[in-house]
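Please open the structure in a viewer and keep the selection tool at hand.

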Amino acid sequence: ITNTATVTADSGETDTTNNSATEDLTASPISDLTVSKSVDQAAAQVGDTLTYSVTVTNSGPSTAVDATAVDTLPAGVTFVSGTGPGGGALSAPGGVITVDGSDLSSNGDFSFTYQVTIDSDAASSISNSVSVSTTTTESNSGNNSATATTTVDPLTSSIAGAVYVDANDNGVRDAGEEGIENVTLQLSGTDSLGNSVSRQVT
């Protein structure tokens, strides 16, 4: 950007060669990427499926060139599937999901979602983080990451055992005490994490 200022007088100037001045300014593009991340379950059990949702926004004022999100899966989960911007399928080679947001205009955004299952060896808490970057200079890089956390209960509620005629009323199924068929058992209530439990078996 070149800015020139000029002055003139009605009369009496002996030298007009110094009546203007010019200043050149080089303008650099500035962007500001932000990212948010959420998970559909704050508390879950081993074997459950978690769905993560991520949104990346450019607060501008310039276009964020080569906006990219990198989501590294934590230990204790297995990638199932995902949907990227525009509906394309996502993958997680080496446990890393990389999403290309291309050149993101000022106030533009892109989103993606994916699912994982909780492994049997998962820790009691799963923290899943995502980070974003751009080749454009950013005014604030402190908002370039986000984390979603799920508490994991390793115990899955279930029903096991038998219904039988306790002939001697000792509370133990002894030899010869026959089972009763087609009895429906219902387990309901709240688990240790406060989740509603409802299991039925016949």
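In this tour, buried means under 20% relative accessible area, exposed means over 50%, and partly exposed lies in between (1.4 Å probe, protein chains only). The model is predicted: local features need pLDDT of at least 70, side-chain atom pairs count only at pLDDT 80 or more, and totals for chains, interfaces and linings use all residues. Residues are numbered from 1 along each chain as its sequence is written, and side-chain values use heavy atoms, with hydrogens and water left out.

Select Asp 66 first. Asp 66 sits in the loop between E5 and E6; helices (H or I, at least four residues) and strands (E, at least two) are DSSP runs numbered from the N terminus. With a relative accessible area of 41%, Asp 66 is partly exposed. Its phi is positive, about 55°, although Asp 66 is not a glycine.

Pro 61 is also in the loop between E5 and strand E6 (68–72).

Most residues other than glycine have a negative phi, and most peptide bonds are trans.

Finally, select Asn 144, in the loop between strand E10 (125–133) and strand E11 (145–153). Is Asn 144 buried or exposed? Asn 144 counts as buried, because its relative accessibility is 10%.
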